[in-house]
Amino acid sequence: MERMGGEKERSTRRVSPLKNLVAGGVGGAFLLLAGHPLDTIKVRLHTQPKASCGQYVLYTGTYDCLRKTVSKEGLLGLYKGMGAPLAGVAPMMAISFFGFALGKQLQQADPGKSLTYAQVFLSGCLAGVFTTVIVAPGERIKCLLQVQASSGELRYRGPLDCAVRLYKEQGIRSVYKGTVLTLIRDVPSSGMYFLTYEYLKDILTPEGESVSQLSTPKILLAGGTAGILNWSIALPPDVLKSNFQTAAEGKYRGLWDVLKTLL
């Protein structure tokens, strides 16, 4: 596979963990503010009951879900469950970039040689493994809070109440319910994200210039395209994960049961 770098070789300077934490926290907070309303709609569409013969589904599509949510719960209804991912976004982003950097170091025997794109993909996959420790319980809590209003049963007052009740009812296993499905979602999609992002930055960099000189629009283009490809891989297992994490206890026996039921 073609090697990355050459005249476009990127800087390998180390960034302190504190800077990673701050940058990841600020970036992640803006990510949530922009994306969480759409995430709420996504989860509600994923988990709505299948319409039986002669009945209508609760939401007919994205716009219908948006309209009904805002009408019944106001704009804040779109931000249900944001507390859990917001609390974990700074360490999650820092761990993600730490895992990516570690993956590159483990595969780079000669610091003078650039990584192949395959190695960048594997480094991104390792980042997905690392972040699951924080992401899985946050996703479980977030999804439960996002769907409880549409179900008409308000069991949890907020993220902390949800976490405490899950732990008291069935222990840490309940808090981490859906971890395997989170791994199946995040490992390949994280690899695809970093691969696409690094690849596009390389091809958008003019010959003889450094990647660090890329303009903001080009970086936005690389990141946005990487995000689209990330979700093209992540969405199918995300549907399974959302249904598994929000289902009543005992409804599904595991991954294959969820898949078979939805199909």
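**Salt bridges and packing**

Tutor: Happy to! The count comes to 18 salt bridges, and keep in mind that this is a predicted model.

Student: Which residue does lysine 241 meet in a salt bridge?

Tutor: Its partner is glutamate 139, with an N to O distance of 2.7 Å. That pair links distant parts of the chain, since lysine 241 sits in helix α8 and glutamate 139 in helix α4, 102 residues apart.

Student: And are lysine 241 and glutamate 139 buried or exposed?

Tutor: Both lysine 241 and glutamate 139 are buried. They also belong to one network, joined by salt bridges that share partners, which takes in Asp39, Lys42, Glu139, Lys142, Arg185, Asp186, Asp238 and Lys241.

Student: OK, what about aspartate 64 and lysine 68, how far apart are they in helix α2?

Tutor: They are four residues apart in α2 (residues 62-73), so about one helical turn separates them. Aspartate 64 counts as buried because its relative accessibility is 9%, while lysine 68, at 24%, is partly exposed.

Student: Which lysine does glutamate 73 pair with?

Tutor: Lysine 80, at 2.8 Å from N to O. Glutamate 73 is partly exposed, with a relative accessible area of 24%, and lysine 80 counts as partly exposed at 29%.

Student: Switching to helix packing: at what angle do α7 and α8 pack?

Tutor: About 170°, with the axes 8 Å apart. The two helices, α7 and α8, are therefore roughly antiparallel. Their contact has 19 nonpolar, nine polar and five charged residues.

Student: And how do α8 and α9 pack?

Tutor: There the angle is about 105° and the axes are 10 Å apart, so α8 and α9 are roughly perpendicular. On the α8 side the contact is made by Val239, Leu240, Asn243 and Phe244, and on the α9 side by Leu255, Val258, Leu259 and Leu262. By class, that is seven nonpolar, one polar and no charged residues.

Note on methods:
Residues numbered from 1 in each chain as written. Predicted model: local features only at pLDDT ≥ 70, side-chain atom pairs only at ≥ 80, totals over all residues. Heavy atoms only, no water. Axes fitted to C-alpha atoms, helices over the stretch in contact; angles between N-to-C directions. Parallel < 35°, antiparallel > 145°, perpendicular 65-115°, else oblique. Nonpolar A, V, L, I, M, F, W, Y, C, P; charged D, E, K, R; others polar. Contact = heavy atoms within 4.5 Å. Salt bridge = Lys/Arg side-chain N within 4 Å of Asp/Glu carboxyl O. Buried < 20%, exposed > 50% of the residue type's maximum accessible area, 1.4 Å probe, protein only.
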